[in-house]
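Could you walk me through this model in my viewer, one selection at a time?

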Amino acid sequence: MLRCWLKAAVVLWLVPGCVGTAARLYTEEDPLVILSSSSLKPTVSNSSSAWLVQFYSSWCGHCIQYSSTWKALAQDVKDWQQAVSVAVLDCAQEENFDVCKEFSIKFYPTFKYFRAHSPETDRGTTYRGADREIQSVRQLMVNILQNHTKLDWPDHCPPLEPHSSVELLPLLGQRSDHYTAIIVEEPDSYVGREVILDLLQYSGVEVKRALSSDLPLLDALKITTFPSVYLLHPNASHTHLHVEKKLRFFFSSLLRTLPGVQRRSKSISSSSSGGQTGALPDRQSTEPWRDFHRWKVYTADLESALHYLLRVELATHNTLEGEELKIFKDFVTLVAKLYPGGGSVVKLMETLSDWLLSLPLQRIPYQAVLDLVDNKMRISGVFLGAELRWVGCQGSRTGLRGYPCSLWTLFHVLTVQHDATPTALENTGLEGEAAPVLQVMRRYIRTFFGCEQCGRHFEQAASATLDRVQNREDQILWLWNQHNRVNYRLAGSLSDDPLFPKAPWPSPSLCSSCHEEKNGVHVWNQDNVLHFLRQHYGASNLSPKYSLTPPRLPPPDPDLVPVQTSRPQEEQRGGGGEERKEPEKKAQPGLQVLRGRRGRRGRRLWVWGEEVGEEGFGFWVWALTAWT
């Protein structure tokens, strides 16, 4: 069962490449630094940050088993890198024999930490503690930092010592250009220091810690439980900050979502909150800002995804044939059957699906698909807006979020809809697959998705774990898990939007019951996550706000619906019963519509496209489209 695998991998899910044992225990995709004989000394000597290095051997069984924990630790403290960094060095590599001997490495794994600004002669301090679990090593890293003096303190590490009421109380009522969060905790608690380091990469908020033994501070702030957060706002107001669970993850997540708090790596100044997002005058985009609620899913995003996919991404393929055509047919069928709510988009996808499935040929021009998407036949009720209207997927500037965000959202909705309507895919050819939505997504991304590197990453993940998906619940959770893995990998990169920084989702503000802590490490409550996903991506949570309204179409000619240039009928009966031939016209590429035949169910439209080659010859690609 995938559920069992997800629970067993609740820490590992953040770490790329954790599945299986490869020749290399650590790769460049892991959130740590891989050192060698040539890079060890230059990296740890006179460094602006402290270092924690694991010297291991790739043939050591315990090192292999421990590698997943070390990767998870590195991911857990990824935002601490400017103060203390995590690294590895493989002593089993021949080029590293001498340097491991020089640093007195006799057993594996050996952990050494190096203080910031240490001299070249420093060979590090060995950590000999028996407890090497994530929480213990993380607290060791905090202790390493606090053991620095003022002279060798890491350049970018904020103060970790507690502040007194004498220092903090004068700040009340003072205006500032940032938030100040005061975490009041017990003397032996690490929460305050860990949250300070978690926010190291963020601007717009400064975190300070104070102790529960400071009675004047407790009296002034009226704090009675620990740990607690008291927030000083830039406008001089101040208040208790309500946190669902008094855990490090909840504190850090909530502070990161305060309006105006963003990653330091970005220069855009804007605002973000856990609820509604308002006007953003400093955004570097010409697009109008659309207010939205983060707990809603917007059909405008789904429609924009389909618009971009069908009119932009697919347009790079002049023709569709063979496996490409089959993959596209499967995608259209999937959306036609599972897209929630009905309406003009569903009717378009159903019309497109019927047309594709009735094609007698294995090769069609893209222009024929586009003409149908654009409803050149003027079929009543068929419509897909021809513009991008990002709402929940809008970014702080052009190029951020947008289409990738909306494509994820679309497939999340489809996995939940498949769970809600399990018989929807019957008689489509997709019902035999254990995870039809994911398999169609996998094939589409591999074949059509424009970001080639992204497609390779997704294929690697699918190859490693998709076969473990056995039911519809697994399908929902697998996609959520994979989406979070991608977010962790891209957090802080150039594609990370400072207005919407990539972070574990759903956030505590959206689903507090989804988050728990075990041995000081954040874990997910799988059952509550599944319940949340079903609700969030369910049909009842879709908002039509900002979606385009289908235009009112002019009534069609009762006998002929001209679209581009109609191909003449070769023979047609005249009024006197004599046969007459229409003059030949030059064939035009695209969709052509002949006379409709009236029947009991309406008008039947016969449609074809003709592809004209360089030498003037063509071939037929025709099919029955739909009833109107």
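Start by selecting helix H7, where Val191, Gly192, Arg193, Glu194, Val195, Ile196, Leu197 and Asp198 are buried (buried means under 20% relative accessible area, exposed over 50%, and partly exposed in between, with a 1.4 Å probe and protein chains only). H7 spans residues 191-198 and is mostly covered, with eight of its eight residues buried. Helices (H or I, at least four residues) and strands (E, at least two) are DSSP runs, numbered from the N terminus. Now show what lies over the buried residues of H7: the cover includes helix H5 (134-146), strand E6 (179-185), strand E7 (202-203), strand E8 (205-211) and helix H9 (248-256).

Before going further, a word on what you are looking at. This is a predicted model, in which local features need pLDDT of at least 70 and side-chain atom pairs count only at pLDDT 80 or more, while totals for chains, interfaces and linings use all residues. Residues are numbered from 1 along each chain as its sequence is written, and side-chain values use heavy atoms, with hydrogens and water left out.

**Next stop: H14 and H17**

Select helix H14 together with helix H17. Their axes come within 8 Å and cross at roughly 165°; these axes are lines fitted to C-alpha atoms, for helices over the stretch in contact, and angles run from 0 to 180 degrees between N-to-C directions. H14 and H17 are therefore roughly antiparallel to each other (angles over 145 degrees count as such; under 35 is roughly parallel, 65 to 115 roughly perpendicular, and the rest oblique). To see where they meet, show side chains: on the H14 side, Trp408, Phe411 and His412 are among the contacting residues, and on the H17 side Ile476, Leu479 and Trp480 are among them. Contact here means heavy atoms within 4.5 Å.

**Then: Arg534 and its partners**

Which residue does Arg534 meet at 2.8 Å, N to O, in a salt bridge? Pick Asp419, whose side chain pairs with that of Arg534. A salt bridge is a side-chain nitrogen of Lys or Arg within 4 Å of a carboxyl oxygen of Asp or Glu. Arg534 lies in helix H18 (residues 526-536) and Asp419 in helix H14 (residues 403-420), so this pair ties together parts that are 115 residues apart in sequence. Asp419 counts as buried at 16% relative accessibility, whereas Arg534, at 30%, counts as partly exposed.

Glu473 sits in helix H17 (residues 472-490) and Arg534 in H18, so the pair links parts 61 residues apart in sequence. At 29% relative accessibility, Glu473 counts as partly exposed.

**Over to His307**

Find His307 in helix H10 (residues 299-313). With 9% relative accessibility, His307 counts as buried. Leaving aside neighbours within four places in sequence, its contacts include Leu384, Gly385 and Glu387. From Glu387, step to Arg389: the two form a salt bridge, with the closest N and O atoms 3.1 Å apart.

**Last: colour by confidence**

Colour the chain by pLDDT, the predictor's confidence in each residue, from 0 to 100. The chain's mean pLDDT is 85, and 81% of its residues reach 70 or more. Over residues 266-283, pLDDT is below 50, and over residues 559-628 it stays under 50. Where pLDDT is low, the predicted coordinates should not be read in detail.
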